[in-house]
Amino acid sequence: MAARAEPFAYRLWRYDGAPGELIPLLQSAQDHFGYIPRRAIKYISEVTRIPESTIYGVITFYSQFRLQPMGKHVVRVCDGTACHVSGAKMLIDTVQDELGIEVGDTTEDGLFTLFTVACLGCCSLAPVMMLNDETHGRLTAAAVRKLLRAYRRREAQQTTVPAAAGVPDSRG
Ligand code: FES
């Protein structure tokens, strides 16, 4: 089993002060919680005697670590060279404005998390963004807003239609 797959509590319990142990500990906490919550930072600080401020510094230095849970839908806007010259900033600004969050954040309702990435491998479609597993290219600000609003509408419909209202399909 890979060292990283060890449960957070186990890894924390057997911490022996070895140099370089903090990163795997943080990875383990993130695997366990889906992000690194404040209470995990507190536990780690108590056990390792590394000040919380130092741990926060490490977390914010490495882009792999998250201080917030991941949203249900992940938006990845490409900011690679081709997209950068074709309007990546406009896309990022539009998504931030539409969702009311900054890059790296998750919306308060837990629906969306926004990241930027270096290249999505389809530069001829620049500017590009991915929404979950779907790639969307040659985007305009209007198209981005339309896309995000469609997702929001779909989510709103799913939460307002009671599951019991549907008649189960008994065929098959
Ligand atoms: S630079 Fe954006 S897809 Fe390659």
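This section describes the fold of a predicted model, from its overall make-up to single residues.

The protein chain holds 7 helices and 4 strands. Read from the N terminus, these elements follow the order α-α-α-α-β-α-α-β-β-β-α. The protein chain has 172 residues, and 22% of them count as buried. Contacts between residues at least 6 apart in sequence were also examined; 57% of these join residues at least 24 apart.

The strands form an open sheet. The sheet has 4 strands in the order S2-S1-S3-S4, and the pairing is mixed. Its edge strands are S2, residues 112–117, and S4, residues 134–136. Each of these two pairs on one side only. On average, neighbouring strands of the sheet are turned by 20° against each other, with direction ignored.

Strand pairing in general rests on backbone hydrogen bonds, in either a parallel or an antiparallel arrangement. Both arrangements involve strand S1 here. S1 spans residues 73–78 and runs parallel to S2, with 6 bridges between the two. Within this pair, Arg76 has Phe115 of S2 as its bridge partner. S1 and S3, in contrast, run antiparallel and are joined by 3 bridges. Here Val77 stands opposite Met129 of S3.

The loop between S2 and S3 contains Pro127. The peptide bond that joins Ala126 and Pro127 is cis, with omega at about 0°.

Two packed helices are described by the angle and the distance between their axes. For H6 and H7 the angle is about 35° and the axes are 9 Å apart. The crossing of H6 past H7 is right-handed. On the H6 side, the contact is made by Met90, Leu91, Thr94, Val95, Glu98 and Leu99. These residues meet Ala141, Val144, Arg145 and Leu148 of H7. By class, the residues of this contact comprise 7 nonpolar, 1 polar and 2 charged.

A further helix pair is formed by H2, residues 22–33, and H3, residues 38–48. The axes of H2 and H3 come within 11 Å and cross at roughly 150°. Angles over 145 degrees count as roughly antiparallel, and H2 and H3 are therefore roughly antiparallel to each other. H2 passes H3 in a crossing that is right-handed. Leu22, Leu25, Ala29 and Phe33 are the H2 residues of the contact, and they meet Ala40, Ile44 and Thr48 of H3. The contact of H2 with H3 has 6 nonpolar residues, 1 polar and no charged.

Thr48 belongs to helix H3. How exposed is Thr48, given its C-beta atoms within 10 Å? Thr48 has 17 other C-beta atoms within 10 Å and is partly exposed. Beyond its neighbours within four places in sequence, Thr48 is in contact with Tyr15 and Leu22. Thr48 and Asp16 are 32 residues apart in sequence, yet their C-alpha atoms are 8.2 Å apart in space.

Two arginines have a positive phi. Arg49 has phi near 65°, a positive value in a residue other than glycine. Arg49 lies in the loop that runs between H3 and helix H4, residues 52–61. Arg49 counts as exposed because it has 8 C-beta neighbours inside 10 Å, and the limit for exposed is 12 or fewer. For Arg138, phi is near 50°, again positive in a residue other than glycine. Arg138 sits in the loop between S4 and helix H7, residues 141–160. Its count is 12 C-beta neighbours inside 10 Å, so Arg138 also counts as exposed.

Definitions and conventions. Residues numbered from 1 in each chain as written. Predicted model: local features only at pLDDT ≥ 70, side-chain atom pairs only at ≥ 80, totals over all residues. Buried ≥ 20, exposed ≤ 12 C-beta atoms within 10 Å, placed from the backbone. Contact = placed C-beta atoms within 7 Å. Axes fitted to C-alpha atoms, helices over the stretch in contact; angles between N-to-C directions. Parallel < 35°, antiparallel > 145°, perpendicular 65-115°, else oblique. Left-handed = near helix turned anticlockwise from the far one by under 90°. Nonpolar A, V, L, I, M, F, W, Y, C, P; charged D, E, K, R; others polar. Pairing = 2+ DSSP bridges.
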